[in-house]
Amino acid sequence: MVDDETVAFDLDGPDSNFPFYVSSDVYNAVILPADYAGDFEKTFNGTGPFKLESFRPKQGASFVRNEDYWSDKALPDRVEIKFFDDEQAQVLALQAGQLDVIPSTTRLELAIEGNPNFKLLSVQASSHDQVHLRTDQAPFTDKRVRRALALTLDREAIVKGLLKGRAIVGNDTPFAPIFPSADPSVPQRKQDIAEAKRLLGEAGVPNGFEVTLTTERAYDIPDYAVIIQNFAKKAGIDVKLNVLPQDAYYGSATFGSSPWLDSVLGITDYGHRGTPDIFLNATLKSSGAWNAAHFNNPAYDALLLDYSKARDLQAQRLVAGKIQTLLLDETPAIISYFSQYSRIVSSKVEGVRFTAISHLLLDRVSFVQA
C-alpha cells in the first residue's frame with residue numbers, strides 16, 4: 001500500500017497488459033479481505049448492485065437489491081438463480097417459461113427456433129476451440145504436415161455451418177481480430193487442397209497418413225471433429241476420432257496423465273480473455289502449462305518477451321505481426337474461428353447485458369410493458 005487509495009505492484013518482469021490481470025475480466029483475481037473465512041456461500045462481500053440473500057447448494061441462489069450501492073440502484077428488487085442437473089431440464093424449464101435468461105447451447109437454440117417468446121443475444125469473444133498438433137511426435141514433427149492439415153479446412157464454411165454465422169474466421173494464432181494488438185495485414189489462411197497435397201508429397205507422405213484426433217464430448221466440439229475428419233480426407237489424411245467424456249479428456253491436467261496434453265492431435269475449448277497473453281503463453285510457450293502441442297521454439301519465446309515489453313499499441317501490433325507470421329509458418333495449432341458468446345433471453349424482459357467472459361449484468365433489467 002502506498003496510501004489509503006493507492007496500491008503498488010512490483011512485477012518480476014515487463015508486462016504491458018498487466019492492467020488486464022487485475023481487472024474484473026479475470027475471475028481468479030478477486031480481492032479478498034484479510035480476515036476472509038472462506039464462507040462466500042453464507043455471506044458474499046462485494047460492492048455490486050446486488051447482495052446475496054441466500055445460497056442453496058445444487059438448487060440456486062437469491063440476490064436482492066443493494067440499497068447501499070455507490071452508483072445507480074438496480075431496477076429489479078431481486079434476482080433468482082436456478083441450478084439444473086442437465087440440459088434437458090433446462091430445455092423444459094425454458095419452454096415452460098420458468099427462465100428469463102439462460103446461457104445458450106446448440107440444443108437450447110433448437111428448442112427456441114422460431115419461437116417469438118425468446119430472443120438470442122450475442123457478443124463477439126476471443127473464445128475458440130484450439131486444435132493442437134504434437135510438434136514432437138510423428139506425423140506432426142514436420143511443419144509441412146502440420147500446415148497441410150490446416151490448409152484442408154474451409155473456415156468460412158465452418159463459421160457459416162457449424163456456428164451459424166456467430167463467429168469470425170481465425171488464422172491459426174490466438175490473435176483474435178477483436179484484439180486491438182492483432183496485425184490485420186497478415187494474410188488469412190484459406191482452404192487449399194492442392195497445396196496441402198503438395199506439402200504432404202514434399203514431406204514424404206504423398207498418400208497421406210492415419211492419425212487419431214482425441215477430444216472432449218462438450219459443446220459443438222464433437223461435430224467440429226467430424227468436420228475436420230471430412231475435410232482432411234480431401235488431402236488423403238485419415239483421421240480417427242476418439243471422443244471422451246470431458247473429465248476423462250482433461251484427466252489430471254498434467255503432462256503424462258492427460259489426453260488433453262498428451263494426445264498427438266486434439267481439440268480443446270478455450271474461453272474468452274480480454275487480451276491474448278494467456279493464450280500466447282500458456283498454450284504455446286515452451287514452458288506453458290497448457291502447451292498441448294509441445295511447441296518448443298526459442299524464436300517464439302523471444303517474441304513473447306518483446307510483446308510484453310511493448311509500450312504502446314503500435315509497438316504491440318508490430319511484434320504481434322511477427323508472432324502471427326511465425327505461427328502460420330510453424331502451425332503448432334489450428335484456430336479456425338473465434339466464437340460469439342450468446343444468451344437466450346425471454347422477450348418479456350429488456351435491458352439484459354453480459355460480457356464475453358460471462359458476467360451477467362442484470363441491474364438495468366425490466367419487464368417489457370404490454
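**Aromatic pairs, strands and a surface patch**

Good morning. The count of aromatic pairs in this structure comes to 13. Before I turn to examples, please note that this is a predicted model.

W70, at 68%, counts as exposed, because exposed means over 50%.

A further example is the pair Y249 and Y250. Here the ring centres lie 5.2 Å apart and the planes stand at 80°; because an angle over 60 degrees counts as edge-to-face, that is the class of this pair. Y249 is buried, with a relative accessible area of 0%.

Let us move to the strands. In general, the strands of a sheet pair through backbone hydrogen bonds, and they do so in a parallel or an antiparallel sense. Both senses can be illustrated here.

For the antiparallel case, consider the open sheet of three strands, ordered β1-β2-β3. Which strands stand at its edges? They are β1, residues 50–56, and β3, residues 78–82; each has a single partner strand, so one side of each lacks a neighbour in the sheet. From one strand to the next, the twist averages 20°. Strand β2, residues 60–65, runs antiparallel to β3, and five bridges join the two. Within this pairing, F63 has V79 in β3 as its bridge partner.

For the parallel case, please look at β8, residues 210–216, and β9, residues 238–244, which are paired over seven bridges. In β9, N242 is the residue opposite T214. How many of the seven residues of β8 are buried? Five of them are, and the strand is thus described as mostly covered.

Finally, I come to the surface. M1, V7, F9, L11 and V22 make up a nonpolar patch there, and their accessible area together is about 520 Å². One member, L11, is found in the segment before α1, the helix of residues 18–21. Its relative accessibility is 41%; L11 therefore counts as partly exposed, as this value falls between the limits of 20% and 50%.

Thank you for your attention.

Technical notes:
Residues numbered from 1 in each chain as written. Predicted model: local features only at pLDDT ≥ 70, side-chain atom pairs only at ≥ 80, totals over all residues. Heavy atoms only, no water. Patch = residues over 30% accessible without salt bridge, like charges linked within 9 Å, V, L, I, M, F, W, Y side chains within 5 Å. Areas by Shrake-Rupley, 256 points an atom, 1.4 Å probe, with all protein chains shown as cover. Salt bridge = Lys/Arg side-chain N within 4 Å of Asp/Glu carboxyl O. Helix = DSSP H or I, 4+ residues; strand = E, 2+ residues; numbered from the N terminus. Buried < 20%, exposed > 50% of the residue type's maximum accessible area, 1.4 Å probe, protein only. Pairing = 2+ DSSP bridges. Axes fitted to C-alpha atoms, helices over the stretch in contact; angles between N-to-C directions. Phe/Tyr/Trp six-rings, centres within 6.5 Å; stacked < 30°, edge-to-face > 60°.
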